[in-house]
Amino acid sequence: MDSAGRRGSAWAELSLLLTAFFFGTNFVAVKHVVEEVPPVLFAAVRFTAAGLLLWAVLRLLEPASRLKRADLLPVVGLGLLGITATQTVFTIGVHHTTAANTAVIYSTAPVWGMLLGFALGLERPRVSGVAGVVMCLAGVAAIESGGLRLAGTSLLGDALILLAAVFWGSYTVLSLPLLRRYTPLAVAAYPMLLGGIAAFPLAAFDLRLDLFSLDGSVWFAALYSTLFSSAFGFVGWQKGVARVGANRVLVYQYLVALSGVVAGMVVLGEGFGLLQALGAAVILIGVYLARRRA
């Protein structure tokens with residue numbers, strides 16, 4: 001590999017490390033915001049604002065980039081899946097469970113992406129893959145059996161986070177064809193903007209909000225989530241997918257889980273019992289087995 005290739009690889013790795021940190025700590029930020037702001041409304045505003053920011057950056061840095069008419073429906077579909085569906089379900093889920101539980105259960109996303117690859121014929125089923133799926137489900141069950149005794153957790157919240165993980169893993173895999181034709185910035189910007197706008201009709205069902213009652217910490221958490229997790233994080237994730245592939249990039253989900261659990265315990269004082277720790281270990285081993293390449 002030449003020096004330019006090494007620099008590009010190093011930047012991709014650095015962006016993924018930062019993205020993993022921002023994604024993990026974002027669980028705490030979102031948890032804090034949705035205690036005061038309707039979850040779906042926050043998701044809609046957060047991703048529309050981040051999408052507009054990325055679109056402006058795209059126009060500035062890549063003025064020649066234009067979405068082809070043939071790709072409009074795939075991009076809209078990716079936005080509905082990866083933003084509207086994933087983030088609506090995710091944000092409601094975080095509201096009903098702990099940031100620590102969210103971090104661990106969300107780390108199962110690579111497995112669901114793998115299953116979608118099987119269904120689409122992109123991958124062939126392997127024994128280790130099946131074992132990984134079973135272990136992930138067993139790990140989630142362990143977290144449920146231990147976590148429901150702790151304050152702040154609920155079966156509904158954890159189930160919604162699991163569903164969001166299915167959507168996120170699928171989004172990562174389905175973004176690959178577009179990354180062959182567009183830059184990571186474009187693949188992050190267009191679906192994010194369209195998906196964020198599409199979430200506003202869902203937010204209309206719950207518009208309880210008093211902006212003047214929000215303190216500085218809520219505004220800071222909302223800004224952190226919008227800029228670092230949504231804007232930077234999605235570009236960094238897509239850049240990593242384009243550079244190292246979906247299989248390898250999803251390994252960074254381990255770091256997302258670790259930073260999310262630690263942030264939940266340190267910042268929010270959340271509990272994380274022995275069964276939850278055991279479940280987390282089983283899930284991460286399951287993800288490794290599922291995504292391992294012989």
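A cavity is a set of grid points where a 1.4 Å probe fits but cannot get out, and its lining residues have an atom within 4 Å of a point. Keep that in mind as you explore this predicted model.

**Stop one: Val 30.** Select helix 1, residues 3–33, and find Val 30 in that helix. Is Val 30 buried or exposed? Its relative accessibility is 0%, so Val 30 counts as buried. Now show what surrounds Val 30: leaving aside neighbours within four places in sequence, its contacts are Phe 42, Arg 46, Phe 90, Thr 91, Val 94 and Ser 225. Ala 221 and Val 30 are 191 residues apart in sequence, yet their C-alpha atoms lie 7.1 Å apart in space.

**Stop two: the cavity.** How many cavities of 30 Å³ or more does a search of the whole structure find? The search finds 1, and the largest cavity has a volume of about 110 Å³. To see its lining, select Phe 23, Asn 26, Phe 27, Arg 46, Gln 87, Phe 90, Tyr 106, Trp 168, Ser 229, Phe 234, Gln 253 and Val 256.

Colour helix 1, helix 3 (72–96), helix 11 (216–244) and helix 13 (253–267); each supplies at least two lining residues. Which helix gives the largest share? Helix 1 does, with 3 residues.

Terms used. Residues are numbered from 1 along each chain as its sequence is written. This is a predicted model: local features need pLDDT of at least 70, side-chain atom pairs count only at pLDDT 80 or more; totals for chains, interfaces and linings use all residues. Side-chain values use heavy atoms; hydrogens and water are left out. Helices (H or I, at least four residues) and strands (E, at least two) are DSSP runs, numbered from the N terminus. Buried means under 20% relative accessible area, exposed over 50%, partly exposed in between (1.4 Å probe, protein chains only). Contact means heavy atoms within 4.5 Å. On a 1 Å grid over the protein atoms alone, a cavity is a set of points where a 1.4 Å probe fits but cannot get out, and a pocket is an open set with protein on both sides within 12 Å along at least five of seven lines; lining residues have an atom within 4 Å of a point. Grid points are joined across faces, edges and corners, and a volume is the space filled by probe spheres set on the points.
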